[in-house]
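Thank you for making time for this at the group meeting. I would like to go through how the parts of one structure touch each other, so please have a look at it first.

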Amino acid sequence: MTAKPVRLAHRLFGASFMAFAFPLRHPRKTLLRADTLLPVALLGLVVLLVVAPLIKILLTTLTPDGIDAWFSVLASSLSLNLWWRPLGNTLLLGAGVATGCILVGGFLAWLVVLTDVPARRTLWFLAALPFMIPSFAAALAWGALFRNSRLGGSVGFFEANGYVIPDWLAWGLVPTLIVLIAHYYSLAFTIISAALSSVGADLVEAAQVAGARRSRIFFGIILPVVTPALIAAASLTFAGAVSNFAAPALLGLPVRLQTLSTRLFGMIETGQTERGFVIALLLIAVSAAFLWFGERLVTGRRNFVTITGKGGRTKRFPLGKWRWPLFCLAVVVSLVTTFIPALVLLASSFATQNGALFSNWTAHFWTGEGGTEMAQGQAGIFRNPVLIEALWTTLKLALSVAAVTMILGLALAHAIARNKGTLLATLLAQISFMPVFIPSIAFAAAYIALFGGPIGPLPPLYGTFALLVIAASAHLLPYAVQSGRSVLGQISADIEESAKLTGAGVLRRMGVIILPLAIRGLFAGALLAFVKIVRDLSLVVLLFTSTSPVLSMMAYRYASEGFLQFANAITVVILAVCLVATMLARRLENRVQKWKES
Amino acid sequence: MTDAIRLSHLSKRFGDFAAVDDINIAVPKGAFLVLVGPSGCGKSTLLRMLAGLETPSEGEIVFGGRVVSSGQAGLVADPSDRDAGLVFQSYALWPHMSVAGNIEWPLKVAKWSRADRQARVAEVLQLLGIEELSQRYPAEISGGQQQRVAIARTIGPKPGILLFDEPLSNLDAKLRIEMRSELMRIHRATSATSVYVTHDQVEAMTMASHVAVLNKGKVEQFGPPIDLLEKPLTTFVATFLGTPPANLLTVTRQAGELRFGNLVLAAAAQAGQHEKAQLLYRAHDILVGEQKGKPVISAIFDEAAPIAGRTMVTALFEGKRITAMADGYFRAQPGERIPLTFIEPPSAVFAMSGERIGE
């Protein structure tokens with residue numbers, strides 16, 4: 001994992017990351033100079049945050065117990081259930097999700113960027129929404145609609161209304177696949193639409209003048225030009241599906257459909273820690289292998305630098321009579337993947353049973369008192385002291401991580417830019433990008449390996465709030481560096497230097513020039529980090545303990561114990577928090593851009 | 001002989017805005033027509049209509065006697081069916097195809113046989129002198145080379161009409177002059193009719209057999225370049241063309257004479273019935289220094305630039321910039337007063353509204 005992350009970074013974060021991480025070699029600075037102290041300290045920090053847990057988890061599996069675990073997972077009578085079946089399911093899910101996302105996301109991107117579909121901006125916004133919604137929200141909503149009587153307990157809307165829902169539609173691979181596609185297609189959409197937007201109108205018109213018909217232009221020019229984006233989208237959605245925990249856990253586990261991430265969770269939960277670590281390493285290998293493979297496909301071809309056309313104009317094809325039908329299709333896609341799940345969750349958190357989602361509403365699941373006939377005597381979520389605590393813990397966690405992320409991101413981006421060309425900068429850039437390759441649940445396992453026991457004189461961090469903050473911040477490092485960079489990018493060296501020339505001191509420059517320019521970008525970045533943490537389940541699911549409860553984990557607990565309405569109510573709370581934060585971030589971002597234009 | 005290109009009453013409107021407004025031009029086969037004008041004058045829109053990328057709102061475009069677009073019928077012939085090729089300002093090379101692939105693809109689309117395609121690709125590569133680049137990708141070659149590939153790709157299918165959209169604007173000054181003569185060579189070699197859009201009047205004067213000066217969507221003047229230079233019909237043409245830029249002096253009729261301030265410059269008859277007029281003086285018709293018997297003004301020196309052994313001098317007279325010539329190399333201090341003599345009569349007289357008076 002040396003040069004590869006950077007290429008992916010290039011795909012993900014734009015061309016300038018290349019110059020950033022692999023700059024031209026300048027004369028090296030000595031490590032002992034004062035202005036290299038901070039970068040060296042940062043290097044120590046990222047090594048501790050990212051590299052140390054990975055080395056520790058690897059070493060743990062190389063002890064005698066660990067070697068046994070390798071054998072039992074890979075070469076024993078258990079390995080079919082521990083490794084091969086979960087691997088098969090994982091790959092099937094990954095491939096299915098990648099395909100589905102490319103089709104759905106690609107279709108929407110084509111529609112929005114390359115055609116004269118009505119209300120393009122609205123569609124663009126709608127298509128980007130699902131990624132803001134946690135994947136367990138969609139999984140829970142699926143349950144509220146399609147759950148059948150196989151497991152007992154209350155059934156979903158359809159079965160309660162007399163439709164028979166077969167097992168394959170209620171549980172297992174098919175619903176997991178659908179839920180994950182609904183979650184990840186917007187990631188594919190974002191990548192593909194960006195690529196399509198960069199196909200200049202001139203390229204298309206040149207083909208038109210050459211006499212090519214529409215389909216020929218599409219398959220001969222547009223598709224080949226955006227192939228790298230398609231591959232990037234496929235490998236990222238693949239990796240996302242492979243590392244997702246919530247959907248297979250909620251929809252697959254009840255029927256014993258195991259993926260690598262649910263297996264990993266199960267092993268650690270049942271105390272088979274070494275086996276869990278082995279599976280975590282294998283999961284990292286699978287996910288990283290596919291990302292790496294995608295990169296190889298793209299970088300093997302030297303012909304993919306898009307030359308953008310005049311003014312970034314894109315050619316929009318008239319859809320003719322298909323204009324409105326395709327518009328409706330796009331709206332239906334986003335209704336089904338965004339609004340209906342949210343609505344179903346909301347309704348279900350008020351309805352006494354899923355069969356009648358919109359009648360007999362009760363606020364019991366929200367504010368009802370305990371000890372009644374309802375819900376086996378469970379009180380509503382706002383009467384549950386654990387929930388209130390979880391709400392505060394979640395907000396505290398997300399706020400701390402957002403703050404740490406932005407500070408660390410700024411410091412790292414600054415250190416990398418300042419030391420351009422040195423080994424130090426390259427190491428900083430590469431190491432802070434590594435978490436992209438590590439599924440969060442496996443990352444959490446690595447943190448358990450490192451912090452599960454005392455380190456020297458320090459007490460074990462496992463189970464503390466601090467560990468959650470550290471692990472989440474570490475996993476967000478790639479995002480942190482990227483947003484730090486975009487914030488710094490708004491302040492060119494010239495701006496600071498011109499202030500310097502007027503004779504303004506450091507503090508004055510900071511206060512009057514840099515802070516006003518950076519503050520909005522910082523807030524916007526912090527808010528998105530906040531959302532990422534609030535909706536996260538797969539990282540906290542292993543690190544969570546009763547002393548540090550978080551909302552997503554509570555929702556998961558309620559759901560796996562069969563109290564679906566409570567789970568849905570908590571998920572609605574999470575959705576609301578995410579929604580508010582996203583809107584705020586969007587407003588801030590727009591403002592930043594507006595101000596940039598003027 | 002039918003005209004290779006004839007535009008009649010051609011207009012293009014975007015909402016209320018007329019980008020191209022009632023244009024009537026015709027050029028014979030083999031002509032090199034340059035459309036020149038400031039940015040936003042509609043020249044690129046006109047070119048895109050010729051290429052078939054835009055449909056006219058009114059009027060028609062006729063190629064060799066065949067209507068290819070019209071305001072009534074829309075796009076009569078598709079871009080593919082017009083026997084025209086377009087070289088884009090951005091070159092628009094397809095980044096995923098090699099140089100040879102870029103040139104070959106339009107031939108594939110036109111269903112040429114494999115053998116014919118290969119022969120033609122080799123031929124145009126050689127014509128442009130880029131044989132050794134054939135297996136490279138657009139991102140791997142320089143801007144000048146990309147330009148050659150773009151031209152090679154356009155002439156590949158042997159179109160009867162070549163369209164160029166400011167093709168030299170992305171090149172540096174030296175390369176631009178080189179490519180200019182290269183383009184002329186290719187124009188002659190293909191014996192096609194070319195339409196060339198530029199905002200650079202030097203390109204227009206050096207390359208064109210016919211020039212159309214466009215301003216605000218209308219043709220200000222159309223004709224051979226020398227005609228436009230010698231007999232500009234409007235002040236716009238008179239000041240837009242020619243290096244160094246010509247001077248326009250506003251004069252008033254006083255007692256049978258046209259006066260610039262108190263200075264008598266010409267007889268009132270030259271302005272016809274107009275009370276006020278504008279006189280056109282080329283820079284070389286105003287000399288730095290005094291000459292007996294010729295009108296002289298005293299102006300404030302601003303700047304000087306040596307050109308071909310003489311010096312172009314800019315000076316201010318009553319707040320107005322005047323460009324004159326000095327023999328040899330001339331220097332003065334900014335702010336210094338220098339005499340300027342009108343050694344020739346005005347080369348044209350214009351009404352205040354801009355059109356030419358007399359003749």
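Let me begin with chain A, where the centres of domain 1 and domain 2, taken over C-alpha atoms, are separated by 24 Å. The model is a predicted one, in which local features need pLDDT of at least 70 and side-chain atom pairs count only at pLDDT 80 or more, while totals for chains, interfaces and linings use all residues. Residues are numbered from 1 along each chain as its sequence is written, and chains are lettered from A and ligands numbered from 1 in the order in which they are written.

In chain A, domain 1 covers 33-58 + 376-598 and domain 2 covers 63-306, with bounds that come from an automatic or database domain assignment. Where these two meet, 31 residues of domain 1 of chain A and 29 residues of domain 2 of chain A take part, contact meaning that the C-beta atoms of two residues, placed from the backbone, lie within 7 Å.

On the domain 1 side, helix 27 of chain A gives the largest share, 8 residues; helices here are DSSP runs of H or I with at least four residues, and strands are runs of E with at least two, numbered from the N terminus.

Turning to the two chains, which residues make up the contact? Chain B brings 21 residues and chain A brings 23 residues. On the chain B side, strand 7 (84-87) and helix 2 (99-109) of chain B are the elements that give two or more residues, and the largest share, 3 residues, belongs to helix 2 of chain B.
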